[in-house]
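Let's walk through this one together, feature by feature. Ask away as we go.

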Amino acid sequence: MENTDKMTSTNVVPGEFKSAVEGKCPRCRTGNMFAAPLFSFKSKKMYHNCPHCGLKFEKEPGYFYVAMYVSYVFVVAELVASCVGTYIITGNLESPWLYLIVSIAVAVLLAPFNYRYSRVVLMYWMTPQFKFRPDLYVADKK
Ligand SMILES: [Zn+2]
């Protein structure tokens, strides 16, 4: 399956994980999926189609509802991590408010990350139809 990367010997194709982290289109790994940078609060806009290869990101109506479950897993992991981190740093066992405030702050701060990466994870690793096609990859395009 990964051998398809070797077909384009002239370009060095970025790895699947790197492309996912950068929010690139899962099919061409060239076009961006989102209008704003991945951690930005500015714009939640996601392109309907890949600006490079034209892949329709929402492949069927309600497709991104599945991303909510991915996002849910992210949030639970972040809440557990923030509470454990708070305990390790402060050693607090008296006040539940500290944990509540920290976990809400973490959830709000990471909301753009959750929103975008839940869709990235969904498209890269949970949608077999979105396969990388090395022939669509263009190395010099930003
Ligand atoms: Zn594309």
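Q: How do I read burial here, and what percentage of the residues in the protein is buried?

A: Count neighbours: a residue is buried if 20 or more other C-beta atoms lie within 10 Å of its own, exposed if 12 or fewer, and partly exposed in between, with C-beta atoms placed from the backbone. In this protein, buried residues make up 18% of the 142 residues. Keep in mind that this is a predicted model, where local features need pLDDT of at least 70, side-chain atom pairs count only at pLDDT 80 or more, and totals for chains, interfaces and linings use all residues. Numbering starts from 1 along each chain as its sequence is written.

Q: Since it's predicted, what is the mean pLDDT of the protein?

A: pLDDT is the predictor's confidence in each residue, from 0 to 100. The mean here is 87, and 89% of the residues reach 70 or more. Residues 1–9 have pLDDT below 50, and beyond near neighbours in sequence that stretch has 7 contacts in the model. A contact means that two C-beta atoms, placed from the backbone, lie within 7 Å.

Q: How many helices and strands are there?

A: Both are DSSP runs, numbered from the N terminus: helices are H or I with at least four residues, strands are E with at least two. The protein has 4 helices and 0 strands, so from the N terminus on you read α-α-α-α.

Q: Which residues does UniProt list as "transmembrane region"?

A: UniProt positions use the numbering here, feature names are shortened, and annotations may be inferred rather than shown by experiment. The unreviewed UniProt entry lists residues 63–90 and 96–115. In the model, residues 63–90 are 93% helix and 0% strand, with end C-alpha atoms 42 Å apart. For residues 96–115, the figures are 95% helix, 0% strand and 27 Å.

Q: What span should helix α3 have?

A: The expected span of a helix is 1.5 Å times one less than its number of residues. With 14 residues (96–109), helix α3 should span 20 Å, and its end C-alpha atoms are 20 Å apart, which agrees.

Q: Which residues have the most contacts inside the largest nonpolar core?

A: A nonpolar core is a set of buried Ala, Val, Leu, Ile, Met, Phe, Trp, Tyr and Cys residues joined through C-beta atoms within 7 Å. The largest one has 13 residues, and C25, C28, M33, C50, L55, F57 and M123 have the most contacts inside it. Helix α4 (residues 111–125) gives the most to this core, with 4 residues. Leaving aside neighbours within four places in sequence, L55 is in contact with C25, R27, N49 and C50.

Q: Where does R29 lie, and is R29 buried or exposed?

A: R29 lies in the loop between α1 and α2. R29 is buried because 25 other C-beta atoms lie within 10 Å. Check its backbone too: R29 has a positive phi of about 55° although it is not a glycine.

Q: What about A35 and H52: where is each of them placed?

A: A35 is in the loop between α1 and α2, and H52 is in the loop between α1 (16–21) and α2 (65–90). A35 is partly exposed, with 13 other C-beta atoms within 10 Å. Not counting residues up to four places away in sequence, A35 touches S43, K45 and Y47. H52 is partly exposed, with 18 other C-beta atoms within 10 Å. The C-alpha atoms of H52 and M33 are separated by 9.9 Å.
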